[in-house]
Amino acid sequence: MRVLLIGANGYLGRFVADRLLADPAVQLTALGRGDDADVRFDLASGSPGALTRFLDAVHPGVVVNCAGATRGGARELTRHNTVAVATVCEALRRSGCGARLVQLGCGAEYGPSQPGSSTAEDAVPRPGGPYGVSKLAATELVLGSGLDAVVLRVFSPAGPGTPAGSPLGRLAEAMRRAMQSGDGELKLGGLGAQRDFIDVRDVARAVHAASLSAAQGVINIGSGRAVRLRDAASVLARVAGYGGALHELDGPPGPLRASIGHPRTDPDHAAPVAYPYPDGCGSWQQADVRTARDRLGWRPRINLEESLADIWMEAACRI
């Protein structure tokens, strides 16, 4: 099976590439903006015609799109998350390769949900921010393309490679600094949100399964269990061996810079306050993952403690 992987050098794409390369039946070609890609191509600025010519030359059986942006203004997010997917869909429609498309969506497309509920694929999406809007627009483009396509809505990825700027990444960095400075007290804000964390290696397994399946439409990829961020902080402290006190700060929403992880500071300075989890999904999100089980034969295997241990190992190695 010849697979074209777009975004192989990204957070999720690296693990998807590893998983696909481990399958001896897969012949992988990586397309992206970086020098390490087999073929350099910028989806946000490249033309569908140029991509069509490449598809006709390579003739993949599956195209996996892991590319996209998680940060930036609405214009940048639209370019990289929506316009780029429009280019992929149009190129596949024009091409004679007949490739199947596996598109990575995200749980932020759903927006806020009722605490205690599990969000299924038939829920009406109401994204609460520009990132979710741009990803939802991409999903709608894929679903309306007429292609053999599936969208995997990935909830909150965790594990090795977690970006330092993400909530779990900032939490690990704050703990590393506290331990490095010998601080026996760590003040943490913004820990009230509950999210469905799923290990990136389990996401890669889901992509592999979707590539081999005939499933179409939207499929949720998550653990099926919401975890409060303060509980994740406690687990991280245990795996890190941090014996200090964790103090949670409450208060009205504050700026992003005064967020998770704030070591003790001069008492004359204002303490950081809690802020909303920065994905526009409110205080609760939990995936209903029965469709992934039934249509892909997929279940998550890696628990959150293992994911956090890997996050900590990388944070502890930073100088």
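This is a predicted model: local features need pLDDT of at least 70, side-chain atom pairs count only at pLDDT 80 or more; totals for chains, interfaces and linings use all residues.
Author: Residues are numbered from 1 along each chain as its sequence is written, and side-chain values use heavy atoms, with hydrogens and water left out.

Reader: Why is L20 called buried?

Author: Buried means under 20% relative accessible area, exposed over 50%, and partly exposed in between, with a 1.4 Å probe and protein chains only. L20 has a relative accessible area of 0%, and therefore counts as buried. The residue lies in helix α1 (residues 11-21), where helices are DSSP runs of H or I with at least four residues, strands are runs of E with at least two, and both are numbered from the N terminus.

Reader: What does L20 touch, not counting residues up to four places away in sequence?

Author: With contact taken as heavy atoms within 4.5 Å, L20 touches V3, V26, L28 and H208. As for R205, the C-alpha atoms of L20 and R205 are 8.8 Å apart in space, although 185 residues separate them in sequence.

Reader: Is A84 buried or exposed?

Author: A84 has 4% relative accessibility, so that it counts as buried. A84 sits in helix α3 (residues 74-94) and touches L43, A44 and R79, leaving aside residues up to four places away in sequence.

Reader: How do you know that the span of helix α5 agrees with its number of residues?

Author: The expected span of a helix is 1.5 Å times one less than its number of residues. The 15 residues of α5 (residues 167-181) should therefore span 21 Å, and the end C-alpha atoms are 21 Å apart, which agrees. Eleven of the 15 residues of α5 are buried, so that the helix is mostly covered, and among the buried ones are L168, A172, M175 and R176. Just after α5, G182 takes a positive phi of about 70°.

Reader: What makes α5 and α9 oblique to each other?

Author: Axes are lines fitted to C-alpha atoms, for helices over the stretch in contact, and angles run from 0 to 180 degrees between N-to-C directions. Angles under 35 degrees count as roughly parallel, over 145 as roughly antiparallel, 65 to 115 as roughly perpendicular and the rest as oblique. Helix α5 packs against helix α9 (residues 304-316) at an angle of about 50°, with the axes 9 Å apart, and α5 and α9 are therefore oblique to each other. The contact is made by L168, A172, M175, R176 and M179 of α5 together with L308, I311, W312, A315 and A316 of α9.

Reader: Why are α3 and α4 called roughly parallel?

Author: Helix α3 and helix α4 (residues 130-143) pack at an angle of about 10°, with their axes 9 Å apart, and they are therefore roughly parallel to each other. Where they meet, the residues of α3 include L77, N81 and V85, and those of α4 include Y131, S134 and A138.

Reader: What is the phi of H59, and why is H59 called partly exposed?

Author: Phi of H59 is near 55°, a positive value in a residue other than glycine. Most residues other than glycine have a negative phi. H59 lies in the loop between α2 (48-58) and β4 (62-65), and because its relative accessible area is 44%, H59 counts as partly exposed.
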